[in-house]
Amino acid sequence: MRLVGRVALLLVCLYAGAAAAYSVQFLNGIERDAKTAREEQIPLILSQNRNALKVERAASLIRSVYLAHDRKIERQIQLQLQTLCQSFTLDENQTLIDGARAIAASVKVIVSTREASRRLRDSDGAAITSEIEAQIHATDAASAEAYQHAINTADRLSETLATDAVALADSMASTIGSAAREVKLGWTLILTLPVLFFVLTLWVVSRHVMAPIGSAVARLDAISRGNTEPEAPREPVFHELATIADAVKAYGALSIDLTRTNALLKILSDRDSLTGLANRRSLQAVLDTTFQTARSGGPDIAVMMIDLDHFKVINDTYGHHAGDACLVAVADVLRRYEADDGASVGRYGGEEFVAVVPGRDEHSLTDIAERMRVEIMALDVRSDDGRRIALTTSIGVSRMAGRPLDGVQRLVSEADAALYQAKRDGRNRVGLTTVHTANGSLKRNRQA
């Protein structure tokens, strides 16, 4: 497999070098064409556009001078036209220069004939004879002819500029199109061989790499589901994959043992080793989850802190073995409330237990806590020498009651405070934290 990979890598490198050389060659050609367009063709097009605007301006001035009929305005417009026509000489375009000169000459004729017509009309106040009228008509005709000649010249220049601009744009488009065709052809050739090579490589990888790996994974999956003797896959062609398949087979067998061990460890990590109830860590997760659910509009929750009275005395009098037996017996009592009342019960630490009860009002909570207290008090737990151990418990209860609390620890603290108040009041009783819903205030430790 290493040899195949090296040969493939060598072919790829050779092809990449050839493709790079060819790409550099035709990209340099494209760069030259772009430089030519930028430095020569585009400035020419811009110049043609400017000249077209000048010709359009000249045509407007021709119309203005012809329609002015005022000596001062005619002279001003003639001066503007002469300046405008003179600017065409800067472009070194003989057609434009000749056309501009023709326009300037025609405008000069318009102005001079207009002036001659005025002199004929104002000839010493004498009456206009038929001969003078004929001369006036002749000068007006000459002015109109000069005007028409100037307009025709401007139109011809506009058409010439438009034709030249189209030719330049067409030349640029041809250059760009030629470059695009060259890029298209070149990269089509460059990409064809890699595609064929990729298809061949894909077939080899699919048949001789992915298929053995898939078979090994399927075998591992079968082993993880408990099938210890799955169908053996076909032996891979490549030695490395055969080694991987053997390793996967061994790992599959090992994963079965690990899964079983992890499941056991998960149970042990979530449960108190003595009582089998939820330990403090998993109980905290239940507290957080049920609190968030209640705050999001779910069932209201209550927390009960359950603590055995005088448990140190029991340990000192009957021994720690007897104390452990008391804890197990109490856990058995509390476990029944998980099935009957939907509570989540766990050992919080030492002789202290916590019950999380959802969806109950104050009366129901008091009833549950009282039943717990009575059942624990009725337990018949014996010491090693056969003596009955008297058990009592104090319980503190706090409920959320729709209050906008910051966290579940507030409920735990309230239940803990109610518990210790019950102990101070004589033990073996239930302390309930009452919520006044009108203002959300608390009245602590009402004894049930």
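Predicted model: local features only at pLDDT ≥ 70, side-chain atom pairs only at ≥ 80, totals over all residues.
Modeller: Residues are numbered from 1 along each chain as its sequence is written, and side-chain values use heavy atoms, with hydrogens and water left out.

Colleague: Why is Val199 called partly exposed?

Modeller: Buried means under 20% relative accessible area, exposed means over 50%, and partly exposed is in between (1.4 Å probe, protein chains only). Val199 has 49% relative accessibility, so it counts as partly exposed. You'll find Val199 in helix α4, residues 130–224; helices are DSSP runs of H or I, at least four residues, and strands are runs of E, at least two, numbered from the N terminus.

Colleague: What makes β1 and β3 a pair?

Modeller: Two strands pair if DSSP finds at least two bridges between them. β1 and β3 have 7 bridges, in the antiparallel sense, so they pass that test. For instance, Val303 has Val356 in β3 as its bridge partner.

Colleague: And how do you know that β2 pairs with β3?

Modeller: By that rule again: 5 bridges join β2 (residues 344–349) to β3, and the strands run antiparallel. Val345 is bridged to Ala355 of β3. β2 and β3 also form a hairpin with 2 residues between them, and Gly350 in the turn has a positive phi of about 60 degrees.
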